[in-house]
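This briefing is for a reader who is new to the structure shown below. Please look through the sequence and the model before reading the points that follow.

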Amino acid sequence: MPRPTPPPRVHDSLVLESRDVQFDWSGLPLHWIPDEPFATHTVNVLHLLLPEGERWFVRVFSDALPMITDEQLREEVLGFIGQEAIHAEAHQEVLDHLLGQGLDPRPYVRQVDWLFRRVLGDKPGLTGRRRRENVIERVAFVAAIEHFTAFLGNWALNSPGLDRAQADPTMLDLLRWHGAEEVEHRSVAYDLLVHLDPGYLRRVRGMLVSGPLLVHLWVRGVRFLLAADPELQGRIRPTWRDARIQARRGLLPDPRAMARSAVRYFKPGYHPTHEGSSSQALSYLATSPAARAAAAR
């Protein structure tokens with residue numbers, strides 16, 4: 001049996017700022033990576049999943065707040081909640097823009113909403129120990145998903161292929177601002193999980209449930225967007241081969257690198273600080289047009 005996870009290494013100076021960013025989507029083309037609808041819509045799955053997913057994160061962490069006995073961790077969780085709430089609204093605006101361009105995301109989003117509210121949501125009637133266990137189990141799911149969002153955030157910060165392809169600059173700023181904040185707060189969900197349950201098995205179970213579910217939702221999301229795109233009329237069908245080709249061009253994350261990243265989560269000595277660079281994330285946040293505009297308001 002692997003040794004139990006050591007106590008959480010809460011950052012000594014992590015102060016999470018909720019940056020109230022705003023984006024102007026009026027000029028965003030439907031295929032914001034020019035002539036690359038497959039890559040565009042593969043990334044666009046984020047906009048399908050994140051509004052409801054991050055609202056779910058906020059609800060789960062709000063439920064966990066009364067269980068936290070470490071004041072510094074409590075402050076980090078509150079900062080995490082503030083950042084995730086703004087992330088949800090930023091991506092919701094992209095969904096609204098897609099609808100105005102003739103691509104209706106609502107059928108897929110309704111399924112995502114059902115998953116997070118009914119399947120993974122709070123269970124009415126649970127009290128005492130059973131309610132506590134339910135909250136911790138959902139925190140474990142969030143911690144596993146946050147591992148993937150940190151991976152994606154790190155990719156967004158290190159994706160010059162998108163610049164070479166002349167991707168829309170406003171969308172790039174959204175992806176990199178969000179990615180930088182995911183790297184910035186990448187340890188919070190994991191540290192909260194270990195604070196509530198330092199056992200290894202809960203962490204493993206969280207990834208074994210969340211990892212395959214996320215892949216399934218992403219594949220279905222790509223298929224949905226390509227089929228719903230009014231300009232494509234169903235001409236493009238996604239394949240793993242295409243995903244690997246686009247990853248080599250730097251337009252998408254490498255699926256194999258993501259799989260290797262997931263394996264690292266199972267190591268007994270794992271900690272999210274091993275993934276990504278806080279200094280790089282903070283450096284981008286200091287130069288992001290949207291973050292700078294938010295700070296000036």
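Glu-146 is buried, because its relative accessibility is 1%, under the 20% limit for that class. Its place is in helix 4, which covers residues 128–157.

**Around Glu-146**

- Apart from residues up to four places away in sequence, Glu-146 touches Phe-57, Phe-80, Glu-84, Glu-182, His-185 and Ala-189.
- Gly-211 is 65 residues away from Glu-146 in sequence, while the C-alpha atoms of the two are 11 Å apart in space.
- Phe-57, one of the residues that Glu-146 touches, is itself buried at 3% relative accessibility.

**Confidence**

- The average pLDDT of the protein chain is 93, and 96% of the residues score at least 70.
- Residues 1–11 have a pLDDT below 50, and this stretch makes 30 contacts in the model beyond near neighbours in sequence.
- Where pLDDT is low, predicted coordinates should not be read in detail.

**Aromatic rings**

- The structure contains 9 aromatic pairs.
- One of them joins Phe-23 and Trp-25, which are stacked with 5.5 Å from centre to centre and 25° between the planes.
- Both partners are buried: Phe-23 has a relative accessible area of 12%, and Trp-25 has a relative accessibility of 6%.
- Trp-56 and Phe-57 form a tilted pair, because their ring centres are 5.8 Å apart and their planes meet at 50°.
- Trp-56 is buried, with a relative accessible area of 0%.
- Phe-23 and Trp-25 also belong to one aromatic cluster with Trp-177.
- A charged residue is placed over a ring at Tyr-265: Arg-203 lies over the face of that ring, at 5.8 Å from its centre.

**Helix 9 and Gln-246**

- Helix 9 spans residues 240–248, and its buried residues are Ala-243, Gln-246 and Ala-247.
- These buried residues line one face of the helix, because they fall within an arc of 105° when seen down its axis.
- An α-helix has 3.6 residues a turn, so residues three or four places apart point the same way.
- Arg-241 and Arg-248 are exposed on the other side of helix 9.
- The buried residues of helix 9 pack against helix 1 (37–64) and helix 10 (255–264).
- Gln-246 lies in helix 9 and is buried at 7% relative accessibility.
- The side chain of Gln-246 makes a polar contact of 2.9 Å with the side chain of Glu-36.
- Leaving aside neighbours within four places in sequence, Gln-246 is in contact with Glu-36, Phe-38, Ala-39, Leu-251 and Leu-252.
- Gly-250 follows helix 9 and has a positive phi, near 85°.

**Helix 12**

- In helix 12, which runs over residues 289–296, the residues Ala-290, Ala-291 and Ala-294 are buried.
- Seen down the axis of helix 12, these residues fall within an arc of 100°, so they line one face of the helix.
- The face turned away from the buried side of helix 12 carries the exposed residues Pro-289, Arg-292, Ala-295 and Ala-296.
- Helix 6 (169–184) and helix 11 (278–287) are what the buried residues of helix 12 pack against.

**Residues outside the helices**

- Ser-159 sits in the loop between helix 4 and helix 5 (160–164).
- Ser-159 is buried, with a relative accessible area of 3%.
- The contacts of Ser-159, leaving aside neighbours within four places in sequence, are with Arg-176 and Gly-250; Gly-250 is the residue with positive phi that follows helix 9.
- Asp-35 belongs to the segment before helix 1 and has a positive phi of about 65°, although it is not a glycine.
- Asp-35 is exposed, at 74% relative accessibility.
- Gln-233 is placed in the loop between helix 8 (200–228) and helix 9, and its phi, near 55°, is positive in a residue other than glycine.
- Gln-233 is exposed, with a relative accessible area of 65%.

Key. Residues are numbered from 1 along each chain as its sequence is written. This is a predicted model: local features need pLDDT of at least 70, side-chain atom pairs count only at pLDDT 80 or more; totals for chains, interfaces and linings use all residues. Side-chain values use heavy atoms; hydrogens and water are left out. Buried means under 20% relative accessible area, exposed over 50%, partly exposed in between (1.4 Å probe, protein chains only). Helices (H or I, at least four residues) and strands (E, at least two) are DSSP runs, numbered from the N terminus. The arc is that of the directions from the helix axis to the C-beta atoms. Contact means heavy atoms within 4.5 Å. Rings of Phe, Tyr and Trp (its six-membered ring) pair if their centres lie within 6.5 Å; planes under 30 degrees apart count as stacked, over 60 as edge-to-face and the rest as tilted. A charge sits over a ring if NZ of Lys or CZ of Arg is within 6 Å of the ring centre and within 35 degrees of the ring normal. A polar contact is a pair of N or O atoms within 3.5 Å; within protein, one must be able to donate a hydrogen and the other to accept it, and residues adjacent in sequence count only if both atoms are side-chain atoms. pLDDT is the predictor's confidence in each residue, from 0 to 100.
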